[in-house]
Amino acid sequence: MEDVSFILVVLVHCSKHQLTHSSAARSLLRQTKHHFSLYLRLYIVRLARIPNKLTLFEDYTNALRPVEDTDRALNVTLKVTLSQIKDIDERNQILTAYLWIRQIWFDAFLTWDRDKYDGLDSIRIPSSYLWRPDIVLYNKADDQSGESMETNVVLRYDGRVTWDSPAITKSSCVVDVSYFPFDNQRCNLTFGSWTYNGNQVDIDDALDSGDLTDFVENVEWEVHGMPATKNVIIYGCCSDPYPDITYTLILKRRSSFYIFNLLLPCVMISSLAPLGFYLSADSGEKVSLGVTVLLALTVFQLMVAESMPPSDSVPLIGKYYIATMTMITASTALTIIIMNIHHCGPDAKPVPKWAKVIILQYMSKMFFVYEIGENFCNQKESNGQSNRGAADSYASEEDVDLTPCICSFHQGRVAKNIEFIANCFREQKATNAKSAEWKKVAKVIDRFFMWIFFVMVFFMSFLIIGKAT
């Protein structure tokens with residue numbers, strides 16, 4: 001072809017410059033025309049010797065298996081290359097993937113002698129011209145037609161046919177969300193002939209696994225392998241064996257997105273529940289804080305439930321949400337009980353002795369609960385002084401009560417009024433002391449449950465991380 005192009009350039013150049021008037025130019029032109037005609041004849045002969053559709057496909061039908069012995073099975077070699085994972089729908093349990101599917105087989109009726117055709121060893125023709133195996137995806141989950149994409153095939157002189165076709169497949173995948181968002185998934189892609197049994201078409205895998213060399217990384221899933229296994233199954237409808245190749249796609253979810261958007265906010269929100277016990281009972285916001293935290297966790301729980309399939313297995317993060325919501329509900333109920341203890345009125349019974357010993361003496365020291373101006377060092381002294389002061393006041397009151405009426409009638413009335421005022425003061429002081437004791441009991445119980453719920457929050461957080469790892 002290069003020589004023919006050179007001769008054409010010479011002819012055009014000669015015609016442009018009109019070199020035909022000299023003898024040398026006419027001689028060069030005659031030689032050029034002679035070589036051009038010679039090369040043109042050789043090129044036409046070569047084109048005529050290439051196998052074309054009229055000679056190669058004469059008496060050929062693409063409706064029958066291309067085997068010389070119909071009792072022998074036709075071997076088809078399958079190679080699947082995973083290019084991209086487009087989507088995994090956990091709720092509908094559908095895997096959408098972009099695959100390159102290569103099928104190789106030998107056609108006994110499409111052969112030629114390459115020595116007779118100047119060493120021509122392969123040609124590319126439309127795949128609709130020849131017989132193709134009806135290998136389909138068994139676990140297909142798409143409602144569209146399952147026809148393969150019309151691409152060319154590479155046909156070699158020995159009858160070997162290589163058919164490469166891209167496909168976007170939607171397959172069913174059983175998604176186990178028990179450890180969401182730290183879960184691993186295994187999705188199967190099963191390929192096999194739809195009408196030919198194993199005695200007619202046998203399928204082999206070109207590799208022991210799917211090809212991942214051209215895989216485009218997914219932002220949500222990591223691919224840890226794609227092993228392939230060959231299965232021979234006898235179905236209930238037929239007695240013949242049906243072979244298939246099953247590729248198992250091993251996936252691991254990237255959990256960083258869910259940790260920062262679902263897990264950490266839940267941990268921070270649940271940490272507010274123990275702080276409700278530290279809030280003063282007189283503020284009036286203790287119950288409101290617990291209810292607000294409970295509503296916030298309910299919103300996160302609904303977000304997780306919308307993306308998960310309805311199944312019996314509860315996701316790990318769902319269990320964490322349920323446990324946290326239960327804990328917050330319990331803390332809100334305990335807060336209501338403690339507020340009732342805090343607001344005990346004059347009609348309440350005195351603090352029991354065991355509560356005074358356990359709560360007011362021991363637990364108050366453990367959780368550093370003191371009154372204003374009271375500390376750990378002088379608590380015993382203040383208690384002793386209060387006891388002595390109470391005894392002195394009682395003695396003074398007795399002295400007042402026992403003041404003899406040796407004066408006049410007016411002095412007796414003054415003594416009675418003083419005794420009445422002393423009694424009122426004594427009753428008011430006893431009532432205030434009783435209310436102060438109940439408030440301190442409520443405060444100590446608040447501190448106790450605050451630390452208990454803090455431990456529970458951290459324990460559940462470490463527990464979910466431990467199960468994930």
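Buried means under 20% relative accessible area, exposed means over 50%, and partly exposed lies in between, with a 1.4 Å probe and protein chains only. The model is predicted: local features need pLDDT of at least 70, side-chain atom pairs count only at pLDDT 80 or more, and totals for chains, interfaces and linings use all residues. Residues are numbered from 1 along each chain as its sequence is written, and side-chain values use heavy atoms, with hydrogens and water left out.

**Exercise 1. Classify A97 as buried or exposed, and list its contacts.**

Step 1. A97 is found in strand β2, residues 94-106. Strands (E, at least two residues) and helices (H or I, at least four) are DSSP runs, numbered from the N terminus.

Step 2. The relative accessibility of A97 is 1%, so A97 counts as buried.

Step 3. Contact means heavy atoms within 4.5 Å. Leaving aside neighbours within four places in sequence, A97 is in contact with L82, Q84, K86, A167, I168 and T169.

Step 4. For T169, 72 residues away along the chain, the C-alpha atom is separated from that of A97 by 5.4 Å.

**Exercise 2. Give the strand order of the six-stranded open sheet and identify its edges.**

Step 1. Two strands pair if DSSP finds at least two bridges between them. The order is β3-β5-β6-β2-β1-β8, and the pairing is mixed.

Step 2. β3 (122-126) and β8 (201-205) each have a single partner strand, so they stand at the edges and one side of each is left without a neighbour in the sheet.

Step 3. From one strand to the next, the twist averages 30°. Axes here are lines fitted to C-alpha atoms (for helices, over the stretch in contact), and angles run from 0 to 180 degrees between N-to-C directions.

Step 4. β3 and β5 run antiparallel and are joined by five bridges. In β5, N152 is the bridge partner of P126.

**Exercise 3. Describe the setting of T151.**

Step 1. T151 is found in the loop between β4 and β5 (152-156).

Step 2. With a relative accessible area of 18%, T151 is buried.

Step 3. The T151 side chain makes a polar contact with the side chain of W163, at 2.9 Å. A polar contact is a pair of N or O atoms within 3.5 Å; within protein, one must be able to donate a hydrogen and the other to accept it, and residues adjacent in sequence count only if both atoms are side-chain atoms.

Step 4. Beyond neighbours within four places in sequence, T151 is in contact with residues including P126, S127 and D164.

**Exercise 4. Explain why strand β7 is described as largely enclosed, and name its partners.**

Step 1. Seven of the ten residues of β7 (184-193) are buried, so the strand is largely enclosed by the rest of the structure.

Step 2. Three bridges join β7 to β4 (135-137), and the two run antiparallel. V136 has G192 as its bridge partner in β7.

Step 3. Nine bridges join β7 to β11 (242-253), also antiparallel. T190 stands opposite T246 in β11.

**Exercise 5. Locate the largest nonpolar core.**

Step 1. A nonpolar core is a set of buried Ala, Val, Leu, Ile, Met, Phe, Trp, Tyr and Cys residues joined through side-chain atoms within 4.5 Å. The largest has 86 residues, of which L130, F191 and Y247 touch the most other members.

Step 2. Helix α10 (409-468) gives the largest share, eleven residues.

Step 3. Domain 1 (74-253) and domain 2 (255-368 + 423-468) both give residues to this core, so it lies between them. Domain bounds come from an automatic or database domain assignment.
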